[in-house]
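Me: I am new to reading protein structures. Please walk me through this one.

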Amino acid sequence: MSTSPSSLPRYQKSTILYKSNLPKSLRTTHPSGILHAIRSSPTIIHGIGGQPVTREEHTFAWIQTLTAASETLVKTHLAKYGFDKELAFIPYSTRAAWCAKYPNAIPYVE
């Protein structure tokens, strides 16, 4: 059995990009889509040398019809759980299409 180090490249972070499936001409007017929210939380796990580690958490909410009222309701709900810093609305054709494309980003709030 070989004990040589892995040849995989090492990175500090990776990124998942979520994109609308709508044509550019519809992105500003389409009423439904995903609200992607991010929060950072300190953890009890400590990194190398005893430094605190920050955990980044993501949540997703399906918004069927984006209005000022629905936006306020969803933002207020997510803020209760600390998801009030980074919010992005991604217009998308249907909830089912989103879930099929991004199974790691199922919306748990509707």
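Me: How much accessible surface does the protein have, and what share belongs to carbon and sulfur atoms?

Reply: Accessible areas come from the Shrake-Rupley method with a 1.4 Å probe; for residues, only the protein chains shown count as cover. Here the total is about 8,300 Å², and 58% of it belongs to carbon and sulfur atoms. This is a predicted model: local features need pLDDT of at least 70, side-chain atom pairs count only at pLDDT 80 or more, and totals for chains, interfaces and linings use all residues. Residues are numbered from 1 along each chain as its sequence is written, and side-chain values use heavy atoms, leaving out hydrogens and water.

Me: What order do the elements run in?

Reply: Helices (H or I, at least four residues) and strands (E, at least two) are DSSP runs, numbered from the N terminus. The order here is β-β-α-β-α.

Me: How many aromatic pairs are there?

Reply: Rings of Phe, Tyr and Trp (its six-membered ring) pair if their centres lie within 6.5 Å; planes under 30 degrees apart count as stacked, over 60 as edge-to-face and the rest as tilted. The count here is 7. One of them joins Tyr18 and Phe60, edge-to-face, at 5.3 Å centre to centre and 70° between the planes. Tyr18 sits in the segment before β1 and Phe60 in strand β2, 42 residues apart.

Me: Is Phe60 buried or exposed?

Reply: Buried means under 20% relative accessible area, exposed over 50%, partly exposed in between (1.4 Å probe, protein chains only). Phe60 has 5% relative accessibility, so it is buried. Tyr18, at 14%, is buried too.

Me: Which residues do ring pairs link into a cluster?

Reply: The cluster holds Tyr18, Phe60, Tyr92, Trp98 and Tyr102.
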